[in-house]
Amino acid sequence: MSHHAELDWSEGLPASTHFGDVYFSRASGLAETRHVFLDHNRLPERFAALTTGDTFTIAETGFGTGLNFLAAWQYFAAHAPAGARLSFVSVEKYPLAPADLIRALALWPELAEYATPLLEQYDWLSPGWHRFVFDNGRVTLTLAVGDALSMYPQLDVRSNHGVDAWFLDGFAPSKNPEMWQQPLFDQMARLAAPGATFATFTSAGVVRRGLSAAGFAVRKVAGYGHKREMSVGELSERPESGWQAPWYSPPAPPETKTALVIGGGLAGASTAHSLAIRGWQVTLLERHGALAQEASGNPQGVLYTKLSAHFTPLTQLVLSGYGYSLRTLAKLLPQGEAWQRCGVLQLAQDADTAAKQTKLAEAGLPTEVLRTIDAVEASALAGIALSDGGLWFGQGGWVNPPALVNALASHPNIRVLTHAGVLKLKRSNDEWCALGEQGELARAPVAVLASAADTRAFDATADLPLKRIRGQVSVAPATADSRSLKTVLCGEGYVSPTRDGAHCFGASFKFDSDDLSANVEEHAENLAMLADLAPALYDALGGAALDPAALTGRAAFRCTSPDYLPIIGPVARSEALATTYRELGNDAKAQPDTACPYEPGLYANAAHGSRGLITAPLSGEILAAQLNGEVAPIGAALMDAVHPNRFAIRRLMRRQG
């Protein structure tokens with residue numbers, strides 16, 4: 001696992017103590033970046049040649065201080081047309097601590113216009129994939145925290161034409177020989193677009209020979225400053241791509257950027273927002289009279305989830321989504337009544353939980369993301385007496401989900417239609433028509449079904465294995481003593497600090513109930529949970545004198561899938577899918593190459609369960625990347641893990657379909 005960089009500032013410039021090398025030239029790091037990476041990839045002229053709707057993709061091998069990214073963004077802003085977009089991908093094994101990044105970028109005041117939004121979103125980073133969005137969606141940064149040799153094989157360019165320009169950076173080959181290896185050069189060629197270029201500050205023979213062997217035409221040119229020579233080149237021979245599962249390969253992005261999104265909760269609003277900032281015209285249809293009226297309508301939700309020390313696909317997705325949700329909240333909502341970054345404390349109420357927490361804390365995540373604390377520190381952080389310690393998530397907190405949904409949906413490219421229940425979705429004249437009780441509601445070439453378990457109500461998605469689970473939260477008026485609670489507390493349930501003079505806590509899990517009326521029995525269950533979780537807080541609220549019948553609250557249905565991962569991506573025609581890949585029923589290792597029979601322009605976004613605040617905002621970026629022809633915001637294996645086709649393919653492989 002990765003950890004953050006340790007820097008030596010003794011000479012006024014950031015230097016890596018691990019690699020014994022500086023991050024940029026002592027003479028002029030910015031001038032060197034422009035000479036080596038920008039000018040020798042011919043970026044000014046290539047940016048100027050872009051047209052509206054084009055996306056130019058740059059990838060680099062060492063994010064470092066972000067200097068190359070910011071310089072490329074500055075050139076893009078100066079030379080590219082307004083309707084073009086920049087997608088920048090970078091890998092960093094040892095990301096800088098936020099304070100070090102602030103100090104490093106202060107050395108370049110001419111980049112402040114671009115450094116400021118980066119610093120506003122940058123925080124302690126966990127291993128894995130992190131998506132940053134800048135300039136109202138015109139510029140994206142996909143930052144993979146890990147070793148380049150392990151992260152670039154995971155980069156998903158299946159919706160994208162590939163990398164247009166490579167910045168082969170990082171510490172010198174003599175300082176960091178582990179990175180400058182043939183497998184990396186081969187990955188560069190695999191991921192490259194036709195005509196892709198590269199530039200690097202080094203002219204080392206091992207680098208030039210490796211790039212040449214990978215298929216690049218390599219030549220030496222004048223270097224910058226004291227470096228007499230550097231290497232540049234173009235892809236001359238694209239390697240043959242190996243077999244890829246066609247049922248996970250996305251359809252070609254549509255030409256017309258108009259979409260319907262059905263469902264006005266977190267998943268729908270996130271999808272609409274990610275498309276809208278890319279210039280799409282989106283109609284968001286909600287059957288109720290306002291947005292966020294179902295599972296996304298609770299007064300307080302928690303930015304937190306249980307993680308696995310084994311870094312399962314769900315844990316990887318949650319870590320990527322956690323960071324993205326925090327960045328989204330920081331951009332869209334002021335802290336206060338809408339959300340609070342107050343920290344989340346997951347209490348260890350038994351020995352088994354404590355052991356799992358210790359293992360997770362030792363798994364390689366930065367302590368600023370999570371760390372174990374004892375009962376004394378837990379009580380001090382929470383502001384209320386606790387008998388247990390636990391895991392402290394210092395970046396977490398609570399959110400008012402309706403405020404986030406409405407902020408996401410407020411983009412001028414989004415038209416919100418309420419009282420617009422969609423009873424049927426029909427394909428007509430290359431468009432999806434949403435039909436309600438009074439006839440046609442709206443139409444567009446692309447439709448995204450984000451209506452939780454009701455996504456199964458449509459013919460094309462009736463086979464998706466979605467399940468509803470009823471949950472009820474309770475709300476109790478705060479008292480003078482209970483107001484001392486400063487953090488979210490979690491265990492079997494959760495309780496939040498005060499919002500609007502009350503505490504929200506819960507939530508129940510009922511698998512066999514269709515009733516959405518809040519009831520006294522589940523208020524009593526939530527009170528029992530609270531008494532077990534935090535006895536001092538329970539007593540501060542009134543203890544045994546609390547009458548469950550006096551509590552307010554609400555109930556809603558969570559939507560889950562059998563593997564607890566969300567369902568995000570293009571929808572296939574189920575019968576045609578089973579026929580096309582029926583050979584998998586006889587040989588699960590077969591490698592058919594027939595294109596997947598997708599429903600044209602139809603996508604699903606559902607099954608976020610109780611993790612919607614963490615996974616739904618990122619789900620919008622996942623769909624927008626597919627629909628806009630971009631590099632995916634998460635690795636290819638994770639993209640496959642959330643694909644709607646996974647269940648049908650598993651049934652075929654198990655001879656169940």
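Two strands are taken to pair if DSSP finds at least two bridges between them. Helices (H or I, at least four residues) and strands (E, at least two) are DSSP runs, numbered from the N terminus. The model is predicted: local features need pLDDT of at least 70, side-chain atom pairs count only at pLDDT 80 or more, and totals for chains, interfaces and linings use all residues. Residues are numbered from 1 along each chain as its sequence is written, and side-chain values use heavy atoms, with hydrogens and water left out.

Five bridges link strand 22 (residues 431–436) to strand 23 in the antiparallel sense. Gly 436 has Gly 439 of strand 23 as its bridge partner.

Strand 11 runs antiparallel to strand 10 (residues 216–222), and seven bridges join the two. Here Arg 219 is bridged to Val 232 of strand 11. The hairpin of strands 10 and 11 has six residues between the strands, and in this hairpin Gly 225 takes a positive phi near 60 degrees. Strand 9 (residues 192–200) is also antiparallel to strand 11, through four bridges. Phe 198 has Gly 233 as its partner in strand 11.

Arg 85 lies in strand 5 (residues 85–92). Its relative accessibility is 5%, so Arg 85 counts as buried. The side chains of Arg 85 and Glu 630 are joined by a polar contact of 2.5 Å (a pair of N or O atoms within 3.5 Å; within protein, one must be able to donate a hydrogen and the other to accept it, and residues adjacent in sequence count only if both atoms are side-chain atoms). The Arg 85 side chain also reaches the backbone oxygen of Gly 137 at 2.5 Å. Beyond neighbours within four places in sequence, Arg 85 is in contact (heavy atoms within 4.5 Å) with residues including Asp 54, Phe 76, Arg 278 and Asn 628.

The axes of helix 9 (residues 266–276) and helix 17 (residues 612–628) come within 8 Å and cross at roughly 40 degrees. Axes are lines fitted to C-alpha atoms, for helices over the stretch in contact, and angles run from 0 to 180 degrees between N-to-C directions. Residues making the contact include Leu 266 and Ser 270 of helix 9 and Ala 616 and Gly 620 of helix 17.

How values were computed: Buried < 20%, exposed > 50% of the residue type's maximum accessible area, 1.4 Å probe, protein only.
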